[in-house]
Amino acid sequence: MTKTLLVLGAGVQAVEGLRQLAEQGWYIVGCDGDGEAPGFAHCDDQIIASVYHAEECVPAAVTYHETQKSIDGVMCLAVDTPHIVARIAERLGLPGLPVEIADLAVDKIAMKSRFTAHDVPTPRFEAISSITELEAFADGSPDGVVVKPVDSRGSKGVSWVREHGGLALAFDHARAWSPSSRVMVEEFTNGPQLSTESIIVDGVAHTIGISDRNYEFLETYAPHIVENGGDLPSTLSDAEVDSARNIIQAVAEAFGMLNGIIKGDIVIHDNRAQVIEVALRLSGGYFCTYEIPLNTGASTVIPTAKLALGLPVTATELTPRFQRHVIQRYIFPIPGHVLSISGVLEAASLPGVAYSEIWAKPGDRITRPENAGGSAGVVMTCADTRDEALDAMRQAMETIKVETVPADG
Ligand SMILES: Nc1ncnc2c1ncn2[C@@H]1O[C@H](COP(=O)(O)OP(=O)(O)O)[C@@H](O)[C@H]1O
Ligand SMILES: [Mg+2]
């Protein structure tokens, strides 16, 4: 019988993933707080409820299950709600992460305490309740500190501070972004950073996606941490990439996680991986829906859905079929009001351009970015060699023009 899969999140970044899931022939029920969410176009049915509010989302899923159609599995897509997925799975007796494990991923102090208890390398950290505590921690951090909310996402409220003078502002910024008003600090850890995406099956981590994170704007937009895309496969050494794979395995063991998905933020410091954080869900920002399939021919979306439905996942599915080169970059125009946008269609048809999307519109106000969310669009290129992929990106970026005028002009 056709399986019914409940997917939390039907926003713009979920569209492609929902399309891939629908292609499997499952009955897809999308859930989103926005009744006009574009991903609903690929769903067989919909539940309108805020996916970020357990008190709204869980009862809505239970009611649907009891009165409309029996749900066989639940997952989230392009939303950071593993804790709500776990609660729905628990209520409906479906496969999924135990609530206790899912909750570790939405509280960075609980998560990192678990890492240190199991000797998983992670930058030194502390929960902070005053500027004095923050100053004391900063005194022992030669490369500066990262001040962040304990429970936010997408680099929102995260600052890299190298002077005592910047600590108070960073503290207030982080607190403003934390739903529970909790702030933490970490030692800034130097080194190249990787994004990883791994499927855990029977306790074994299969790391399918590994991307070098592009932080060319780290200095430009400091104290804010603005990621400007990523490159696959990683250009780091095999030993460094293996160290990243091994740390994800160590995280799965530290969490006692048997089946599920781990998205990792990893820094390679002195040739050895340290885990900044993990999310127990698929990545956003098109990593799982476009970049990993373009790079490897493998999917993390389908195995995640199969685990959610209690279906077997085969080793073949978890093995990259090839390694093509993928470059992804966000577009950051000069801040101001958008006057005109041109070259979008021409760029999309250039050889090597795999995907492009511009979300800025004429009249929009573009502010100085505080995270990748401050971008006007995204371009992805894919080719047999890294040079070709980089070249296609250069051409696409020259072709797309987002013209702005100063906001006060
Ligand atoms: N201790 C650290 N050292 C170096 N960079 C860090 C550190 N902590 C965070 N960052 C950078 O800031 C980004 C956002 O921080 P993160 O803890 O991942 O929060 P979020 O949940 O918002 O993604 C990370 O991806 C990383 O690039
Ligand atoms: Mg992160």
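Two residues are in contact here if their C-beta atoms, placed from the backbone, lie within 7 Å. This is a predicted model, where local features need pLDDT of at least 70 and side-chain atom pairs count only at pLDDT 80 or more, while totals for chains, interfaces and linings use all residues. Residues are numbered from 1 along each chain as its sequence is written, and chains are lettered from A and ligands numbered from 1 in the order in which they are written.

**View 1. The protein chain is divided into four parts: domain 1 (4–104), domain 2 (124–187), domain 3 (193–279 + 282–321) and domain 4 (326–405).** The bounds come from an automatic or database domain assignment. Between the C-alpha centres of domain 1 and domain 4 there are 31 Å.

**View 2. Val301 sits in helix 10 (residues 301–309).** Helices (H or I, at least four residues) and strands (E, at least two) are DSSP runs, numbered from the N terminus. Setting aside neighbours within four places in sequence, Val301 is in contact with Gly17, Gln20, Leu21, Leu282, Cys288 and Thr289. Val301 counts as buried because 23 other C-beta atoms lie within 10 Å; the cut-offs are 20 or more for buried, 12 or fewer for exposed and partly exposed in between, with C-beta atoms placed from the backbone. Look also for Phe287, 14 residues away along the chain, whose C-alpha atom is 10 Å from that of Val301.

**View 3. Helix 1 (residues 15–22) lies across strand 1 and strand 2 (27–32).** Helix 1 runs at about 160° to strand 2; axes are lines fitted to C-alpha atoms, for helices over the stretch in contact, and angles run from 0 to 180 degrees between N-to-C directions. Its buried residues are Glu16, Gly17, Leu18 and Leu21. Among the elements covering them are strand 1, strand 2, helix 9 (287–296) and helix 10.

**View 4. Four strands form an open sheet in the order 3-2-1-4, with parallel pairing.** Strand 3 (45–48) and strand 4 (73–76) are at the edges with a single partner strand each, so one side of each has no neighbour in the sheet. From one strand to the next, the twist averages 20°. Strands pair if DSSP finds at least two bridges between them; strand 1 (residues 4–8) and strand 4 run parallel and are joined by 4 bridges.

**View 5. Helix 2 (residues 54–67) has 14 residues and reaches 19 Å from its first C-alpha to its last.** That is close to the 20 Å expected at 1.5 Å a residue, the expected span being 1.5 Å times one less than the number of residues. Cys57, Ala61, Tyr64 and His65 are the buried residues of helix 2. Down the helix 2 axis they fall within an arc of 100°, so they line one face; the arc is that of the directions from the helix axis to the C-beta atoms. They pack against strand 1, strand 2, strand 3, strand 4 and helix 3. Exposed on the other side of helix 2 are Glu55, Thr63, Glu66 and Thr67.

**View 6. Another open sheet of 4 strands has the order 5-8-6-7, with antiparallel pairing.** Its edge strands, strand 5 (125–128) and strand 7 (159–161), each pair on one side only. The twist averages 25° from one strand to the next. Strand 6 (residues 145–149) pairs with strand 7 over 3 bridges in the antiparallel sense, and Val146 has Trp160 in strand 7 as its bridge partner.
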